[in-house]
Amino acid sequence: MGKNQWYKDKVFYQIWPRSFKDGNGDGMGDLLGVYEKLDYIKSLGCDGIWFSPLYPSPGVDCGYDISDYYDIAPEFGGMEAFKKVLDGAHQRGMKVIMDLVVNHTSTEHEWFKKSRQKIEPYTDYYIWRPAKPNGKLPNNWDSLFEGKAWAWDEVRGEYYMHLFAIEQADLNMDNPLVREEVKNILRFWLDMGVDGFREDVITFISKKEGLPDDHIMPASKGILYFNHGPHLHEYLEEFDRDVFSHYDCMTLAEAPMVTPKKALKYIDETNNRVLDMMIQFSTQEADCLFMDFNHIPFKLRKLKRAYSNWQNGLEGKGWNMLYIENHDHPRMVSRYGSEKYRVESAKMLAASYLFLKGTPFVYQGQEIGMSNWYPSDPEMYEDVQTRWQYFNVGTKKSPEKRLQRLWHGSRDSARTPVQWSGEENAGFTTGKPWFFVNENYVDVNVASQEQDEESVLNFYRKAIALRKELSCVKNGSYTEYNKASSALYTYSREDEKQKILVVCSFTEKEVPFRAPKGFDIDSARLILQNYPKAEGNIKAYEVRVYLWNK
Ligand code: GLC
Ligand code: CA
């Protein structure tokens, strides 16, 4: 990572390019559309952008299957459009980070085409294994997206590993040539002026030697052997030493199943740090078991434990990445919030994480309180993982039950086009949108919220402005109160100048409010709320932020 820690003062906005904004009317979001909306992003108070992959790709996993790391896909406008966006962002004081997807490439990548023909030096770029004597798979690991983790390649007459879709072949990171390729990719984008990377499932890049069978996990077999594998730290250190440390850039690593203790192996600022931040998953697991498809009723206490674990666990050592939504999970209003109290709960959810310590990320559409999409037919789903889950998992259950499982679990719920206005196709495109638009766009859209002082959009603006204004939000201490409550999440942030108390209700029931000991509400200033009057009991999904200056 670079020497400067500018990322600690930023609020990032995540763009999932296909569904953000179509600039040329072909129905697909693109960089022309992003360029049009740079001022909008800036107006939120966001001063960083994370782009989900923009590279050329066959699109099996919506861009996470890359076929060329050195270009921008023509459907997004190509390199010229990217440079224009990069300049435009920089002119506005915004940083830009790219997605780095190097656990795997598309099987359409040149490296893979050569590797399957054993053309040097590409022969060992991927994880190839012969069939076992009886034709069996090399081991019993599962793919996270479809079936087993091995696919047979006719050309080479061997199996290759794919931890995700069949068309996403895992790179062999143990091969030094592959690591050199990664470093060249990094240098290429950093030299162009990109400010860092979000590193896709980077904790999967080092597989346990010998690729042993997994006799421990009942499902997702292999994950204990490929997540946080034996050489992960070493490879990340190499990338840091040879590339990142020479640039003023940031790194953010996606890290399934990571705990604060594990994270500190990589992000401890006082000891052997090789990354700036990690994306944890525990705050996404308060209404599901292990993955979003295994839906269970929402448990606030589980969520609070996760937040406090991370706030306390990294204190004084590492820096949190904060988020409630991204392109891999259904919308939060429909999960931890309430569609019935959409406006109230969207605002409450914003405040529940925007005042924590760390660098917040806002996912496109989250800032207007977009909610889940409920298609009537499983065929309407696009996502490779979702389709597998419908057609291959729990197939004995009724079609209704199976469809409902997708409503709660599918990533496509959060991938519908951003709702810009009440016009046709939500103002996303003048053409035919590549994907379905959520029907609620007539009520939920940016244009109408711009006109409304009390909208979710304007609440985000206020909350982000406050977070930048208050020194205690950046560096103050964190304390959680009333931990046993399954209705309220209450926390304070405090430094030598001031303290704030954030009270968030996660229920539609009214609940009595008692300020924690030492907080005299009468002498506080209420600086943020989502009801016209904040008094007496806490109302449905109410949020209050109180400030005391010292
Ligand atoms: C990450 C991405 C996800 C993608 C997967 C495989 O989890 O966020 O969208 O499908 O990696 O690249
Ligand atoms: Ca387009």
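Predicted model: local features only at pLDDT ≥ 70, side-chain atom pairs only at ≥ 80, totals over all residues.
Trainee: Which way do the side chains of strand E7 point?

Mentor: In a regular strand the side chains alternate between the two faces of the sheet. Here E7 covers residues 158-161; Glu-158 and Tyr-160 point one way, while Tyr-159 and Met-161 point the other way.

Trainee: Are these residues of E7 buried or exposed?

Mentor: Glu-158, Tyr-159, Tyr-160 and Met-161 are all buried.

Trainee: Which residue of E7 stands opposite Trp-128, and in what sense do E5 and E7 pair?

Mentor: Trp-128 faces Tyr-160. The pairing of E5 (residues 128-129) with E7 is antiparallel, over 2 bridges.

Trainee: How many bridges join E6 to E7?

Mentor: Strand E6, residues 150-153, is joined to E7 by 4 bridges, and the two run antiparallel. One of the pairs is Trp-150 with Met-161. The hairpin of E6 and E7 has 4 residues between the strands, and Gly-157 there takes a positive phi near 70°.

Trainee: Turning to Ser-57, where does this residue lie?

Mentor: Ser-57 is in the loop between strand E2 (48-51) and helix H3 (78-91).

Trainee: Why is Ser-57 called buried?

Mentor: The cut-off is under 20% relative accessible area. Ser-57 has 18%, so it counts as buried.

Trainee: What lies around the Ser-57 side chain?

Mentor: A polar atom of that side chain is 2.9 Å from the backbone nitrogen of Gly-59. The backbone oxygen of Asp-65 lies 2.7 Å from a polar atom of the Ser-57 side chain. Leaving aside residues up to four places away in sequence, Ser-57 touches Gly-63, Asp-65, Ile-66, Ser-67 and Glu-75.

How values were computed: Residues numbered from 1 in each chain as written. Chains lettered and ligands numbered in written order. Heavy atoms only, no water. Buried < 20%, exposed > 50% of the residue type's maximum accessible area, 1.4 Å probe, protein only. Pairing = 2+ DSSP bridges. Polar contact = N/O pair within 3.5 Å; in protein donor to acceptor, adjacent residues only side chain to side chain. Contact = heavy atoms within 4.5 Å.
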